[in-house]
Amino acid sequence: MLFSKQLLGLDLGSHSIKVARLQKKKDKYVLSKFGQVRVPVNTVVDGSIMNTYEMNDAIKTLVAREKINDKFCAISIAGHGVINRMVNIPEVKPEAFEPALKLEAEAHMPHDISEIYFSGIRTGSVEQGKEKVVLVAARQELIEDFLQVVHGSGVRAMCVEIDATSLANVFEVNYKEELDKTVAILNVGASKINVVILSKGVFSYYRDVNTGGNYISEEISKRLKIGFQQAESLKSGDESTEDSILPREVENVVANVASTMATDVSRVFDYYSNINPDDAISKVFITGGTTRSQTFVSAFKSALSVPVEKLNPFKDIVVAPGMFSAEELEDYAHVAAVSLGLALRRLDD
């Protein structure tokens with residue numbers, strides 16, 4: 001039936017667009033489609049679309065290449081344009097939640113309430129009659145830019161969420177054994193790190209840290225006086241060279257930036273610990289295109305005081321034998337989390 005159909009997951013990243021389709025079969029999700037296509041540099045900057053034509057063309061290319069006929073999708077947003085605040089609202093009945101949240105939005109948002117879309121993520125934490133809620137908001141024009149570019153490619157976005165909730169969704173499906181702990185999920189993308197904290201399986205906190213893999217490539221480009229694309233290839237290990245000094249220099253840059261990023265993430269963890277002193281983070285799961293670099297992963301692990309594990313978004317999702325090679329599946333595992341989290345949404349959600 002139409003209204004039980006899974007939505008297509010469309011992750012509109014600043015480095016590439018990823019698309020995923022899942023089917024629910026009994027108690028398992030089955031992957032029926034996954035693909036990605038790169039977008040030109042600076043097409044998406046700080047979570048805003050700077051070149052509508054390039055983004056629209058990339059979506060059309062991906063949809064055509066993967067032979068996708070779906071008409072409805074879920075998309076997500078992140079970056080500077082998304083504002084989040086931890087707020088306390090009175091404990092109210094479900095029908096009174098939205099009006100109570102609107103009052104908090106009017107008090108905390110730097111924009112006129114009529115110019116933004118907002119929502120609240122309930123944490124389930126209640127103290128003295130007040131519930132902690134993650135208030136999330138974005139300007140209407142930002143969201144409408146994304147809706148317009150998607151609709152222009154022939155697919156209709158029926159759901160707009162944030163990267164953070166998509167990551168939480170895909171984690172909950174794949175790591176049920178970890179849902180009794182407090183864990184952090186990090187998506188180290190091209191332009192930002194999504195930091196998500198789940199406490200006992202409940203979305204508890206998130207923040208986007210404005211640094212990512214592009215910063216590593218820029219540092220390599222500056223240090224070695226080479227082009228950005230060549231720096232990208234060296235960072236990920238796609239390009240080899242006979243000069244033994246060059247890879248060592250690249251590894252030094254990657255390791256140094258990874259340590260800096262870990263420091264930024266540690267500050268987020270410290271803030272969370274300050275407001276939740278009895279809720280220690282027991283493990284960190286990392287994903288994102290930047291984690292293709294083993295040098296990055298090793299340096300990042302060494303710089304954090306919490307155990308770090310690579311997140312496998314296909315861990316409990318069925319992938320048909322022969323659909324991908326082992327190398328493809330491993331590569332896709334670095335970048336598929338957000339699109340898979342979006343693909344868990346249904347048309348009737």
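Start with contacts, meaning heavy atoms within 4.5 Å. Of the contacts in the chain with a separation of 6 or more, 67% are between residues 24 or more positions apart. Before clicking further, note that this is a predicted model, in which local features need pLDDT of at least 70 and side-chain atom pairs count only at pLDDT 80 or more, while totals for chains, interfaces and linings use all residues. Residues are numbered from 1 along each chain as its sequence is written, and side-chain values use heavy atoms, with hydrogens and water left out.

**Whole chain, coloured by confidence**

Colour by pLDDT, the predictor's confidence in each residue, from 0 to 100. The chain has a mean of 90, and 96% of its residues reach 70 or more. Helices (H or I, at least four residues) and strands (E, at least two) are DSSP runs, numbered from the N terminus. Confidence is highest in strand S14 (residues 283-287), at 98, and lowest in helix H6 (residues 228-236), at a mean of 81. Now select residues 240-244: the pLDDT there is below 50, and this stretch has two contacts in the model beyond near neighbours in sequence.

Zoom out again and you have 10 helices and 16 strands. The radius of gyration, taken over C-alpha atoms, is 20 Å, close to the 20 Å that the globule rule (2.2 Å times the number of residues to the power 0.38) gives for 349 residues, so the chain is as compact as a globular protein of that length. Along the principal axes, the C-alpha atoms fill a box of roughly 65 × 45 × 40 Å.

**Into the cores**

Buried residues (under 20% relative accessible area; exposed is over 50%, partly exposed in between, with a 1.4 Å probe and protein chains only) make up 51% of the chain. A nonpolar core is a set of buried Ala, Val, Leu, Ile, Met, Phe, Trp, Tyr and Cys residues joined through side-chain atoms within 4.5 Å. Which residues have the most contacts inside the largest one? Select Ile17 and Val150, in a core of 68 residues. Helix H4 (residues 163-174) gives this core its largest share, six residues. Around Ile17, leaving aside neighbours within four places in sequence, look for contacts including Leu10, Val37, Met55 and Leu62. A second, separate core of 34 residues includes Ala184, Val209, Val250 and Ala299.

Rings of Phe, Tyr and Trp (its six-membered ring) pair if their centres lie within 6.5 Å; planes under 30 degrees apart are stacked, over 60 edge-to-face, the rest tilted. The whole structure holds 10 aromatic pairs. Select Phe203 and Tyr206: with centres 6.2 Å apart and planes at 65 degrees, the pair is edge-to-face. Both are buried, Phe203 at 7% and Tyr206 at 2%.

Next, Tyr205 and Tyr271: centres 5.8 Å apart, planes at 40 degrees, so tilted. Tyr205 lies in strand S13 (residues 202-209) and Tyr271 in helix H7 (residues 245-275), so the pair ties together parts that are 66 residues apart in sequence. Tyr205 is buried at 10%, whereas Tyr271 is partly exposed at 42%.

Then pick Phe34, Phe314, Phe324 and Tyr332, a cluster linked by ring pairs.

For charges over rings (NZ of Lys or CZ of Arg within 6 Å of the ring centre and within 35 degrees of the ring normal), show Arg122 over the face of Phe97, 4.2 Å from the ring centre. Lys315 does likewise over Tyr175, at 4.9 Å.

**Last stop**

Thr211 sits in the loop between S13 and helix H5 (213-224) and is buried at 13%. Beyond neighbours within four places in sequence, Thr211 contacts Ser191, Lys192, Ile193, Met261 and Asp264.
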